[in-house]
Amino acid sequence: MTDTLKHLQKATCIATTNIAFVKYWGRINDALRLPMNGSISMNLDSAFTTTTVEFDESLTADLFSLANQPADAKQSARVFSHVDRIRAMAGIQTRARVASENNFPTGAGIASSASAFAALSVATAKAAGLSLPERELTLLARQGSGSACRSVPAGFVEWHYGETNEASFAEQIAPPEHWDIRDLIAITQTTHKEVGSADGNKLVSTSPFNETRVKLAGASLNIIRRAILEKNWTTFGEETEREAIRLHVIAMTSQPPIYYWSPVTLAIIQAVTEWRRDGLEAYFTIDAGANVHVLAKAEDADEVENRLWQQEGVKIVLHNKPGMGAQVVESHLF
Ligand code: DP6
């Protein structure tokens with residue numbers, strides 16, 4: 001056995017996805033995935049990816065399976081180039097077998113790339129024998145998919161704006177048990193969306209409103225961070241809704257424009273606004289897809305969930321609490 005081989009392992013990691021309250025939409029550096037603004041999110045305990053990475057001397061090429069099926073060429077290339085990054089750090093060349101599984105529909109507007117690249121980064125680093133501090137793991141995950149860096153730490157997380165690789169890391173603002181709020185995800189479509197966020201992110205500069213959104217996102221960061229720390233539900237909810245709408249204004253005014261909403265999306269926006277008028281204080285946020293995340297206080301969550309199930313066009317409602325950070329659940333040293 002060579003020296004290198006002794007340190008190679010097989011490792012399995014579970015990482016949750018996250019929902020951003022201040023969102024990442026647009027980059028100053030595409031290669032490093034450095035965002036135009038900082039963002040804040042919460043990990044979602046019921047939506048996660050489980051990834052196993054095994055380095056194997058007998059392989060002549062990397063292999064990637066998703067839900068026990070060989071993944072398509074585009075997805076595989078993105079995964080392999082991320083594994084390459086980690087191989088370069090570890091100084092190894094051995095090929096890997098990567099097996100990944102989501103417990104929610106892939107590509108349907110739940111940020112599957114966030115949990116996917118957080119799990120992939122942490123499992124691959126472990127299997128390659130690297131022992132990296134959390135901050136380094138966030139830098140690594142960010143280069144695979146921007147939002148993935150926020151799925152590495154637990155609970156409520158901020159990803160910082162920075163002009164270098166090292167400056168744009170993610171860190172915890174508060175642990176999951178700090179604030180028992182809920183995210184009820186109303187899934188309105190389970191097929192692949194038309195324009196992925198990787199492509200949407202590249203179009204922001206074509207919107208005449210982008211500079212304004214980036215400026216306002218900076219202000220939202222301070223408002224939302226503080227609202228989370230002080231558990232100020234109304235400020236938190238109102239600012240989160242405004243921020244989400246601004247992302248969609250950018251998408252809809254990009255060239256070419258991207259319309260992520262379906263009629264069901266708008267119907268839920270209107271319903272949540274009405275519920276609030278009747279005293280049920282829930283708020284919505286929407287990522288790059290037609291699904292709606294409805295944020296509720298713990299005591300209102302079941303009522304909100306029931307109402308969402310009754311909404312026409314809603315296929316599934318996923319009930320999430322603040323989630324854990326990326327965890328290695330199994331590893332073997334050969
Ligand atoms: C709308 O992290 O998926 O969910 O870096 O290109 O992989 P890439 O983009 P991605 O973008 C997520 C965008 C968003 C907002 C957010 O989660 O902050």
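**View 1. Polar contacts across the domain boundary.** In this predicted model, 10 residue pairs, both at pLDDT 80 or more, are in polar contact between domain 1 and domain 2. A polar contact here is a pair of N or O atoms within 3.5 Å; within protein, one must be able to donate a hydrogen and the other to accept it, and residues adjacent in sequence count only if both atoms are side-chain atoms.

**View 2. The salt bridge of lysine 23 and aspartate 287.** These two side chains meet at 2.6 Å, N to O. Between the two domains the count is 2 salt bridges (a side-chain nitrogen of Lys or Arg within 4 Å of a carboxyl oxygen of Asp or Glu).

View 3. Domain 1 covers 5-177 + 323-333 and domain 2 covers 179-320, with bounds from an automatic or database domain assignment. The C-alpha centres of the two domains sit 24 Å apart.

**Notes.** Residues are numbered from 1 along each chain as its sequence is written. Local features need pLDDT of at least 70, side-chain atom pairs count only at pLDDT 80 or more, and totals for chains, interfaces and linings use all residues, while side-chain values use heavy atoms, leaving out hydrogens and water.
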